[in-house]
Amino acid sequence: MNFEITAEQRELRREVAELARRFQPRIDEWEAKSIAPRELFEELGRRRWMGPIVPPQYDGMGKGAMEYCIISEELARFGLFGPQPTIQAEKHLLASGSEEQKQSYLPMLARGEGIAAIAISEPMVGSSFELMETTALKREGGYVLNGRKSHINFAADAAIILLYAKSERGLSIFIVERGTPGIRFEKGDPIGQRMQPIYDFTLEDVRIPQNQLLGEEGDGMSTFFASFNLSRIGNASCLIGLARGALEEAIDYAKQRRVGGNLVTDFQGIRWMVAELVTRIEAATLLRDKAAWLEDRGVEHALETAMARYYAAEVAEEACSQVFSLVGGWGCRRERPFERFWRDAKVGKLAGGSSEVLKNLIARRVLGKEGAPLS
Ligand SMILES: Cc1cc2nc3c(=O)[nH]c(=O)nc-3n(C[C@H](O)[C@H](O)[C@H](O)COP(=O)(O)OP(=O)(O)OC[C@H]3O[C@@H](n4cnc5c(N)ncnc54)[C@H](O)[C@@H]3O)c2cc1C
């Protein structure tokens, strides 16, 4: 067993942290307007960090899930977000895209020249997306899409949306290019992770050419299953980054803050709390690392990924809430990042699979399907 990351990965971590520190002063502006951090994406793209899993022949880094984790975690540690849907889209394209689709979209995404959105959720269909109501009807030369999508990160900003819809043969995925007629966007106003703007949108007779179908018609579920583990590992990494970032900031403050004759970090209650939090963050990191390791080896790992994502969300919410005890009144001030970490952790816990749904998946692996006969 080897718990060490490589020297190259350590260097990547250092470089991402350095870049994130440089962009930190822009966070308030992006947050206030809830806009995508274009300049950050361009810089990530220049370094090919928008395409950690994309092979070099499509202008990516040609690395794996661990590099994706490092990039996501270090950005979130400094309060930055954004590449996740693009990297999820790359995974979709690599899993099911035709050579023509890979060549058309992967270099653009990996170079940060455009970003992607993934549109699954609908107003009436969240966790149970197999009941999807958006339809794709086969017509001469392609498909016609109708329906509504909700809470979609970057939908109106994206160069491409990978859109899930029901067609005659089942769940299918379509590559919808920016500017396609018939789509009306409405911007949301989320409480956290605001630099990943969310949109609801309607599709009215949206025409998609046949070559924009991703994979085979009706194969949407298999593409989803080939891709969603990586996206959960990425989400877990953001949550771990938030927990680490909040705790580090709080410790920096508490180590200097005197209360009477003591530093805040002299109180045993505080010391035990910090000990518990660092232990949990480490445990979440190990779960995430194992899931990433399995992903990179192509081993089935839905269970490990669900555990990693579930636990990271619990730890992030707990850490970002408990650090308020270290920082007193400053926790309530927008001038300090604590309230932002807290909002971001809350949103990160909901997006991309709720804890309840993840626990269902874990329990099913242990106990079998609900209502199954006892054996
Ligand atoms: C900030 C943000 C960004 C998002 N970005 C995207 C995106 O880019 N693309 C996209 O497609 N979607 C996106 N989503 C949608 C997200 O994936 C859904 O919110 C999520 O799947 C849950 O769906 P829902 O909100 O409709 O909850 P519902 O499915 O309506 O569930 C409501 C509650 O019931 C619980 N629940 C559901 N089923 C069970 C069960 N069997 N047992 C116990 N409890 C259960 C859930 O945990 C939840 O708490 C985003 C959401 C948020 C908040």
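**Before you go on**

This is a predicted model; local features need pLDDT of at least 70, side-chain atom pairs count only at pLDDT 80 or more, and totals for chains, interfaces and linings use all residues. Numbering starts from 1 along each chain, following the sequence as written.

**Whole chain**

Show the whole protein as a cartoon. Twelve helices and ten strands are there. Helices (H or I, at least four residues) and strands (E, at least two) are DSSP runs, numbered from the N terminus. Along the principal axes, the C-alpha atoms fill a box of roughly 80 × 55 × 40 Å. The radius of gyration is 21 Å, which agrees with the value near 21 Å for a compact globule of 375 residues. That radius is taken over C-alpha atoms, and the globule rule is 2.2 Å times the number of residues to the power 0.38.

Colour by burial next. Buried residues make up 47% of the 375 residues. A residue is buried if 20 or more other C-beta atoms lie within 10 Å of its own, exposed if 12 or fewer, and partly exposed in between, with C-beta atoms placed from the backbone.

Now the contacts. Two residues are in contact if their C-beta atoms, placed from the backbone, lie within 7 Å. Among contacts between residues at least 6 apart in sequence, 75% join residues at least 24 apart.

**The core**

Select Leu 162, Phe 174 and Ala 243. These have the most contacts inside the largest nonpolar core, which has 109 residues. Helix α7 (residues 220-254) gives the largest share of this core, twelve residues. A nonpolar core is a set of buried Ala, Val, Leu, Ile, Met, Phe, Trp, Tyr and Cys residues joined through C-beta atoms within 7 Å. In soluble globular proteins, nonpolar side chains tend to be buried together.

Centre on Leu 162. Leaving out residues up to four places away in sequence, Leu 162 touches Ala 89, His 92, Ala 116, Ile 118, Ala 119, Ile 173, Ile 175 and Leu 214.

**Domains 1 and 3**

Colour by domain: domain 1 is 7-85 + 99-113, domain 2 is 117-218 and domain 3 is 221-367. Such bounds come from an automatic or database domain assignment. The C-alpha centres of domain 1 and domain 3 lie 20 Å apart. Across their boundary, 15 residues of domain 1 are in contact with 18 residues of domain 3. On the domain 1 side, helix α4 (residues 65-77) supplies the largest share, ten residues. That side divides into eight nonpolar, four polar and three charged residues. Here Ala, Val, Leu, Ile, Met, Phe, Trp, Tyr, Cys and Pro count as nonpolar, Asp, Glu, Lys and Arg as charged, and the others, Gly among them, as polar.

Select α4. Is it enclosed or open? 13 of its 13 residues are buried, so α4 is largely enclosed by the rest of the structure. Its end C-alpha atoms are 18 Å apart, which agrees with the 18 Å that 13 residues should span at 1.5 Å a residue. The expected span is 1.5 Å times one less than the number of residues.

Move to α8 (residues 268-296). Its 29 residues reach 42 Å from first C-alpha to last, close to the 42 Å expected. Buried residues in α8 include Val 274, Leu 277, Ile 281, Arg 288 and Asp 289. The cover over the buried residues of α8 includes α4, α7 and α9 (302-322). After α8 comes Gly 298, with a positive phi near 70°.

**Helix α1**

Select Leu 12, in helix α1 (residues 7-23). Leu 12 counts as buried, with 22 C-beta neighbours inside 10 Å. Not counting residues up to four places away in sequence, Leu 12 touches Glu 67 and Ile 70.

Glu 18 is also found in α1. Glu 18 is exposed, with 11 other C-beta atoms within 10 Å. Draw a distance from Glu 18 to Val 206: their C-alpha atoms are separated by 43 Å.

**Two positive phi values**

Select His 151, in strand β3 (residues 142-153). Its phi is near 60°, positive in a residue other than glycine. His 151 counts as partly exposed, with 18 C-beta neighbours inside 10 Å.

Last stop: Gln 193, in the loop between β6 (183-187) and β7 (198-209). Gln 193 has a positive phi of about 45° although it is not a glycine. With 27 C-beta neighbours inside 10 Å, Gln 193 counts as buried.
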